[in-house]
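Keep the viewer open and follow along.

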Amino acid sequence: MTTGQKTANDRAGTRSSGVLIWRRFRRHKLAVVSLWIVIGVYLIAAFADVIAPRPAGDYNADYPYAPPQSITMTDPGDGRGFGLYVHGYIQEFDEVSWNRYYTENPDELHKVEFFVESGHDYRLLGLLETDRKLFAPADADAPFFVMGSDANGRDIFSRVVYGAQISMSIGLIGVTLSLLIGITLGALAGFFRGPIDMVIQRITEVFMSIPTLPLWMALAAALPRDWGPLTIYFAITVLLSLIGWTSLSREVRARVLTLRSEDYVVAARLDGASRFRVVRRHILPSLTSHIIASVTLAVPAMILAETALSFLGLGLQPPLVSWGVLLQESQNIRSVITAPWLLIVPSAAVVISTLALNFLGDGLRDAADPYGGAVK
Amino acid sequence: MRHIARTTAGLALGALALTSCGSGEPGPPEAAGPDQSQRLVDTGMETGAPVLSEDRTAPSGQAPDLEDLEEAGEILPLEDRLPEAAVTILGADGVGQYGGEMQMAMNGNDDDSLIRRYAAYEPMVRWDGDWSSDITPGVARDWEISEDASTFTFHLEEGIRWSDGEPFTADDIVFGYEDVLMNETLTPGPVEYLMDPGGNWPEVTAIDDYTVELDFEEPHGLFLMQLARAEEDGKFHRFPRHYLEQFHTDYNDSADDLAEEDEYEDWADMFTSKGWVTLGTGFDSRWMNPELPQINAYIIETPAYEGTRVTAVRNPYYWKVDEEGNQLPYIDRLVFDVYDSAEVIAFRAAAGNISYQDRHFDHDFRPLLAESMEEYDFSLVDVTSTDMNTLLFNFNHIHPDEVMREVFTDVNFKAGLSHALDREEMIELIYFGQGEPSQAAPREGSPFRHEKLANQYIEFDTELANEHLDRVLPETNNSGNRLGPDGQPFSFAVDVATDRSVEHARALELAQGYWEQVGITMEINTMDRDLRNERRDAGEFDVYVRDGSAGLQDAILRPHWYMPHGDSGAYAWSWGSYYLDGEEAGEAPPEDSLAWDQWELYDRILVTADQNEQAELMEALLDVSAEAFWTIGLSTSPNRAGVVANGLRNAPHELYEASAYQNPGPAYPAVWWWEDPEERIADDEDDAQQYVEDYEGEDLPEDS
């Protein structure tokens, strides 16, 4: 998707819409940065096994609630050489508050190396069997918590990295699905009107009138119990999207109803374009901005909703990790007061990703309407 | 009929201790002197809580505000208000001074039990501050029990007056019993504490003004303890006849008209609302109806539901004094602020705004409290909960699936899983290294402590675990997962509630790892508490986890973790319901079930008068519990933290916690006093509620 920079200016009027969209998009700096962030997040999710120094469920009973370590570049002068090091901890257990107080141990240095053998085997992208980690302490048993540890002594950084896999994938599938259904039915109803519209509208109303809570409870009872927690969660998001398309479909229908009487649509029809072509080429593109806006709003909602489902026993269950799960684990006084990193790190991940998705959507929306504004 | 006087109770208790230490305690026989045995019967903690004096004292002093009232002629003079020789309470910090206010925090608008615990623990007979088996006098100064425990004669404290000055007599008790509790309109259901094991009502007679006799058809061995536990509110001595008669149709023909005037449905609604439980809110009428006379240390000043604060002031007719004859209570006013979450209460306590409170503080609040106690001048109260276990795995013994049931009822299966748990590590990680590994058993300090039950299958030993499991599920598949009797990979799911059980969820994640090591797959099903209970009631679960209660004196009153009893013990709730409520409520266990043996023993406990024999039977019952091994336990519950302001004297800094115990009621809050009463005035109601505003934006998790 690259455009010849030198020819762009003089031939603007004859460019295809795809090229115009891209040109316009690139002018939206925030959107471009966001695009890279989103790509980055997906790369992290795809290569979580390499990037996370520890497996998601790996705990170290000696270091609950350990604060984040700082990585220093130094040479301890004991023959290990110049490089990156983290300090060990000194722990003190307070008998009154039952709190562990950690301080940095100046005498204990653990060397951090790149592409180090960790002893935890995994299959990279499901193919290559290895135990190399992007960066990890040379001594596999050394404490290494760059973003702190949780109550069970699990590395928060690793958990956030693994959490991206679920938070940035499964939720999106549900969003996509309801998007497809919503647009198809909405466009059909709006374009054909008459009996088809009548039927689709009644179906929509039936779906809208289903109360969600009892439906979820029914689903909770109906799903086969020998499915794994991930399959159940996936099934639930799919089922939710099967009833979640209604409002989008209504909006699309309303837009199509107004657009179908626009002059350019009428003109296309009079030119003999097929109905399908009219909808696809002339009506739907005008809806893109609206659709993108609703999708970007749906994504963060989905990330947060994954834990809301847990109260019905339908949400993500351990040992699965997602950002929603991590956020839920940090929702208590002890974490907020004594281990704020439990809250801050996953929140930051959610905030950054959703902001990036929102800006990306924003940029796409502006760009998606290349003929709408004046091209300067 | 031979009567055992109350004073012989001590001897009986000594004997009981000797027999109960026969099991597991290898101590030398000469160590079992009278002191030693007393310690074993006791819960083992000397809390330093105030105690009842052997002596009585003539009233001689009163609070300044009552002096004013007396001078104005609004109340009787001191010597006429109180008994000549009044009940005397001794506090460790001695005689105090009048004045000041105590501030507490209620969790939600329906937390009337908190008020009751501070202001109204006035049962017929009381637990003492150390929660020993030795029941102490309350409203009844003395009592006799027939040898077969079917006749109880209570001699009431003479000279007690209701808070309006009318005398309290045996007549009030007969009224409360016959006209309220036995009245089918007012009390449609049974009153369990009052009925004998056969479910029969006793015959209650007033022998004279100060003597009441209860005749049960069958022996009621646990009746005294049931009177002391006072957790239900249907105690028969709380209904002032002279005031309530006007609302009762048997005494006032126009009671129904009166009800109509006051816009009640009928006289029964009016009576209940005025004197027992306020209809609509379910709140105890003693804290809603200022006209209702009481015999408690404090009476209501600002009723509940009028705002965000409930206050109670001293009862001018309270019938207890200190060792110098000063009328109690010392502290002028109890102030209860209503908050809607435990978190806000914790912040309130951390800012030094709670005078004494031992409830509503989870372990998670401990660092917050500990770190602010120096700055805000309070200390932590060490609360030993009756909860005997942090986490019990209740395997469904009546699982609808035959394969599951067969495996779950096999002791080897549970023993194997138990050995596979690294409890030390779990305690270290989840419970801050506090508590000891333990199965579901009465905890240290209970007279019913049973070493075998507490410590069987407890050590972490993967080999031993595999050995046990091999006897049940010997086959494994390629990935090392054990196969069930049906040849399928065996796995089960654990239901855990999401609210307030963060610790449980974390413990399960660890258990999941340990059990994987021995080839057992466990799935964790977190869900809402209500849904979980629904599944439990329907019997549609594999394993249900929760913490274990009733681990001290109350083990004998509520044995549901040691044998199927009622619907609380989820491992076989249907059997428990069958035992308590008959065929309609639940299903009978198979004939070879150990439950039958246990029920036979418990039936005998219920009709046994002698505490000594009760303890022997209980031990036999727990022997069977050990054999059945109903549940897998994790560890003893760590003590919880309460808060006590540093200027508050006579208030215990250690105490026991149980709903059957009504803490801190047994520690006589009436005898607590302030070093600096003029400083101890509650903050403004609006300021107090400002806390809610301050923390509202934080979206703190809800507590339920």
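## A buried methionine

B:Met225 sits in helix H7 of chain B, which spans residues 223–229. Keep in mind that this is a predicted model. Is B:Met225 buried or exposed? The cut-off for buried is 20 or more other C-beta atoms within 10 Å. B:Met225 counts as buried because it has 20 C-beta neighbours inside 10 Å.

## Strand S14, covered on both faces

Next, look at strand S14 of chain B, residues 333–339. Seven of its seven residues are buried, so the strand is mostly covered. In general, side chains in a regular strand alternate between the two faces of the sheet. Here B:Arg333, B:Val335, B:Asp337 and B:Tyr339 point one way, B:Leu334, B:Phe336 and B:Val338 point the other way, and all are buried.

S14(B) has pairing with strand S4 (residues 101–107) of chain B, parallel and through seven bridges. With strand S12 (residues 309–314) of chain B, S14(B) runs antiparallel, and five bridges join them. B:Asp337 shows up in both pairings: B:Ala105 stands opposite B:Asp337, and B:Asp337 is also the bridge partner of B:Arg309.

Strand S17 (residues 389–395) and S21(B) run antiparallel and are joined by three bridges. In that pairing, B:Asn394 stands opposite B:Thr631. Packing against H18 of chain B are the buried residues of H15(B), namely B:Arg423, B:Met426, B:Ile427, B:Leu429 and B:Ile430.

## Nonpolar cores

Which residues touch the most other members of the largest nonpolar core? They are B:Leu334, B:Ala346, B:Leu369 and B:Val545, in a core of 189 residues. H18(B) provides the largest share of this core, with eight residues. Beyond its neighbours within four places in sequence, B:Leu369 is in contact with B:Ala349, B:Ala350, B:Phe361, B:Leu380, B:Ala641 and B:Val643.

Apart from this core lies another one of 70 residues, including A:Ile21, A:Phe144, A:Ile232 and A:Ile291.

Chain A has 15 helices and four strands, and 36% of its 376 residues are buried. Of the contacts in chain A with a separation of 6 or more, 69% are between residues 24 or more positions apart. The domain assignment gives domain 1 (65–149) and domain 2 (170–329), and the C-alpha centres of these two domains of chain A lie 44 Å apart.

Where the chains meet, 30 residues of chain B are in contact with 24 residues of chain A. On the chain B side, H11 (342–350), H12 (366–372), H15 (423–430), H18 and S19 are the elements that give two or more residues. That side has 15 nonpolar, five polar and ten charged residues.

Most residues other than glycine have a negative phi, and most peptide bonds are trans. A few spots here go the other way. A:Arg193, in the loop between helix H6 (170–192) and helix H7 (194–209) of chain A, has a positive phi of about 50°. A:Arg193 counts as partly exposed because it has 14 C-beta neighbours inside 10 Å. B:Phe629 has a positive phi of about 50° as well, and its place is the loop between helix H22 (611–628) and S21 of chain B. B:Phe629 is buried, with 22 other C-beta atoms within 10 Å. B:Phe432, which follows H15(B), has a positive phi near 55°.

Cis peptide bonds turn up too. One runs from B:Leu328 to B:Pro329, with omega near 0°, and B:Pro329 is in the loop between strand S13 (320–321) and S14 of chain B. Another goes from B:Asn663 to B:Pro664, again with omega near 0°. B:Pro664 belongs to the loop between strand S24 (654–657) and strand S25 (673–674) of chain B.

Definitions and conventions. Residues numbered from 1 in each chain as written. Chains lettered and ligands numbered in written order. Predicted model: local features only at pLDDT ≥ 70, side-chain atom pairs only at ≥ 80, totals over all residues. Pairing = 2+ DSSP bridges. Contact = placed C-beta atoms within 7 Å. Nonpolar A, V, L, I, M, F, W, Y, C, P; charged D, E, K, R; others polar. Core = buried A, V, L, I, M, F, W, Y, C linked by C-beta atoms within 7 Å. Buried ≥ 20, exposed ≤ 12 C-beta atoms within 10 Å, placed from the backbone. Domains from an automatic or database assignment.
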